[in-house]
Amino acid sequence: MKRWILILSLISSPALADSLCYQSEGNPRTGKAFATDQDYQEELSRWRSQAPSTPNPFSLLKAYNVYSSEKAFANSMKSDKRAHCYMGCRISQSTNYKTADYVGWLKEERDLKDCNRNTHYDEEDYVATLRGATFGESQKDAKGCLQACEQVY
């Protein structure tokens, strides 16, 4: 039951974040907190306008299972971009590119909306996830994903 609740939360998310988030979220263009709530909401709207289509719930469940089993390994990597690449690759292998794309986009959206500067929203993390998702279409296993991502990150 908990997994279905998680899947539903992956499918739907509120349009706008808490109006005080701008004070604690990092603006990727300045490296500091957003100056105003309007600046923050504009960035959130811009990011949301790029949202990929939502995959089916079964693909999201598979992606969650991959994330759960690979999270500790990805977190142990010295490069954050390599970890994003690796996770995108593994999710793409298990599901498809579309699902990895959505999950990578959603992760950054959540980082932007969680009012926690420690989870920094970074579009380059999303780019790394997409690169990994592309690798996932040709790599056969976790070792292949790691090798491909090590070559670029």
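**Entry 1: the model and its fold**

I note at the start that this is a predicted model. I began with the secondary structure and found 7 helices and 0 strands. Reading along the sequence, I wrote the pattern down as α-α-α-α-α-α-α.

Next I looked up burial: 41% of the 153 residues are buried. Among contacts with a separation of 6 or more, 71% are between residues 24 or more positions apart.

**Entry 2: the disulfides**

How many disulfides does the structure hold? I counted 3. A reminder to myself: a disulfide is a covalent bond between the sulfur atoms of two cysteines. With the bonded cysteines numbered in sequence order, I get the pairing 1-4, 2-6, 3-5.

I took Cys21 and Cys115 to begin with, whose sulfur atoms are 1.6 Å apart in the model. The torsion about their S-S bond is about -65°, so I logged this disulfide as left-handed. Cys21 sits in the loop between helix 1 and helix 2 (37–48), and Cys115 in the loop between helix 5 and helix 6, so the pair ties together parts that are 94 residues apart in sequence.

Cys115 comes out at 31%, so I put it down as partly exposed.

I then moved to Cys85 and Cys149, joined by a disulfide with an S to S distance of 2.1 Å. This pair links distant parts of the chain, with Cys85 in helix 4 and Cys149 in helix 7 (residues 142–152), 64 residues apart. The link is left-handed, with -80° about the S-S bond. Cys85 counts as buried because its relative accessibility is 0%. I found 0% for Cys149 as well, so that cysteine also counts as buried.

The remaining entry in my list was Cys89 and Cys145, with an S to S distance of 2.0 Å. I read -75° about the S-S bond, a left-handed link. Both Cys89 and Cys145 are buried.

**Entry 3: two residues I stopped at**

I looked up Ser92, which is placed in helix 4. Why does Ser92 count as buried? Its relative accessibility is 5%, and the cut-off for buried is under 20%, so Ser92 falls in that class. Leaving out residues up to four places away in sequence, I listed what Ser92 touches: Tyr97, Ala100, Ala133, Gly136 and Glu137.

My other stop was Tyr40, in helix 2. Tyr40 has a relative accessible area of 0%, so I marked it as buried. I also checked Tyr40 against Lys113, 73 residues away along the chain, and found their C-alpha atoms separated by 9.6 Å.

**Entry 4: the largest pocket**

I finished with the largest pocket, whose volume is about 740 Å³. I found 28 residues in its lining. Which of them lie nearest the centre of the pocket? My list reads Tyr67, His84, Met87, Val103 and Lys107.

I then sorted the lining by element. At least two lining residues come from each of helix 1 (2–11), helix 3 (57–75), helix 4 (80–94), helix 5 (97–113) and helix 6 (123–136). Which helix gives the largest share? Helix 5 does, with 7 residues.

Key. Residues are numbered from 1 along each chain as its sequence is written. This is a predicted model: local features need pLDDT of at least 70, side-chain atom pairs count only at pLDDT 80 or more; totals for chains, interfaces and linings use all residues. Side-chain values use heavy atoms; hydrogens and water are left out. On a 1 Å grid over the protein atoms alone, a cavity is a set of points where a 1.4 Å probe fits but cannot get out, and a pocket is an open set with protein on both sides within 12 Å along at least five of seven lines; lining residues have an atom within 4 Å of a point. Grid points are joined across faces, edges and corners, and a volume is the space filled by probe spheres set on the points. Helices (H or I, at least four residues) and strands (E, at least two) are DSSP runs, numbered from the N terminus. A disulfide is a pair of cysteine sulfur atoms within 2.5 Å. Buried means under 20% relative accessible area, exposed over 50%, partly exposed in between (1.4 Å probe, protein chains only). Contact means heavy atoms within 4.5 Å.
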